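Please look over the sequence and the model below before reading on. The briefing that follows takes up a charged residue, then a pair of strands, and then the nonpolar cores.

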Amino acid sequence: CVNSATANYLQTYTVYRKRKIFFSEDGSPEKLVKEIEQHVETDKFLVPCCSDTSLNQLLALLDTKPAIKYDKAELFKIHFNDLTQVDIYSYDMIVLFSRHGVQSLFNSYPDFQQKEGMHFAALGEVVVSAAEEAGLTIETYAPQPGITSIFMALEKYLKQENRRRRRAIVLFHNHLKNQNACVGEMPSEAFSITEMPFLSIR
């Protein structure tokens, strides 16, 4: 699995018969490939993916490992939504839940520049890395020691910075909205929240 959250979901809702679930410790494709390499002698792999494989870092890494034999199962297509319908620069903070959120942002705004007063928050090390590689500065993130959710990270950040009420836009997978519990837990007393799906799965 790509991360522990997916592994826990499968273990909760799927009955396995003498099988184990392995996952990337930090949610990165690099760690997942290392996990897969430990089982190349005994296991064959099927990788569900989107039709545009250029969006999948895992496949690119697997292709560099000739010892790993795998087949692709193209199950869906990723479509980046048009974010130009909102004035992205009118928000004080953009909250990112996926590295695809970074791609979607620059897909809608190719010349996007992080202006003074605009802040970013991110969920997960992979998202933080993707944002920083794109030239964005992340003000706060989760998880980190003592902080298990993006909600806690934002709350701590606001207390430290003594921020006034601000407008935040949350970029999430629209097909996973009900699973993004932290969206509903955003500190509404500190933020005026706008929820914006940045991609759809077809």
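In this predicted model, E35 is buried and yet has no salt bridge. The nearest side chain of opposite charge belongs to K31, and it is 9.2 Å away, whereas a salt bridge would need a side-chain nitrogen of Lys or Arg within 4 Å of a carboxyl oxygen of Asp or Glu.

**Surroundings of E35**
- E35 lies in helix α2, which covers residues 29-37.
- When its neighbours within four places in sequence are left aside, E35 is in contact with F22 and F23.

**Strands β4 and β5**
- In strand β4 (residues 93-96), M93 and V95 point one way while I94 and L96 point the other way, and all of these residues are buried.
- Strand β4 pairs with strand β5 (residues 119-123) in the parallel sense over four bridges, and the bridge partner of M93 in β5 is H119.

**Nonpolar cores**
- The largest nonpolar core has 17 residues, and those with the most contacts inside it are L96, L105, F112 and F120.
- The elements that give two or more residues to this core are β4, α4, β5 and α5 (125-133), with the largest share, four residues, coming from α5.
- Leaving aside its neighbours within four places in sequence, F112 is in contact with I88, Y89, L105, F106, M118, F120 and L136.
- A second, separate core has eleven residues, among them I36, L58, I68 and Y70.

Note on methods:
Residues are numbered from 1 along each chain as its sequence is written. This is a predicted model: local features need pLDDT of at least 70, side-chain atom pairs count only at pLDDT 80 or more; totals for chains, interfaces and linings use all residues. Side-chain values use heavy atoms; hydrogens and water are left out. Buried means under 20% relative accessible area, exposed over 50%, partly exposed in between (1.4 Å probe, protein chains only). Two strands pair if DSSP finds at least two bridges between them. Lys and Arg count as positive and Asp and Glu as negative; His and the chain ends are not counted. Contact means heavy atoms within 4.5 Å. A nonpolar core is a set of buried Ala, Val, Leu, Ile, Met, Phe, Trp, Tyr and Cys residues joined through side-chain atoms within 4.5 Å.
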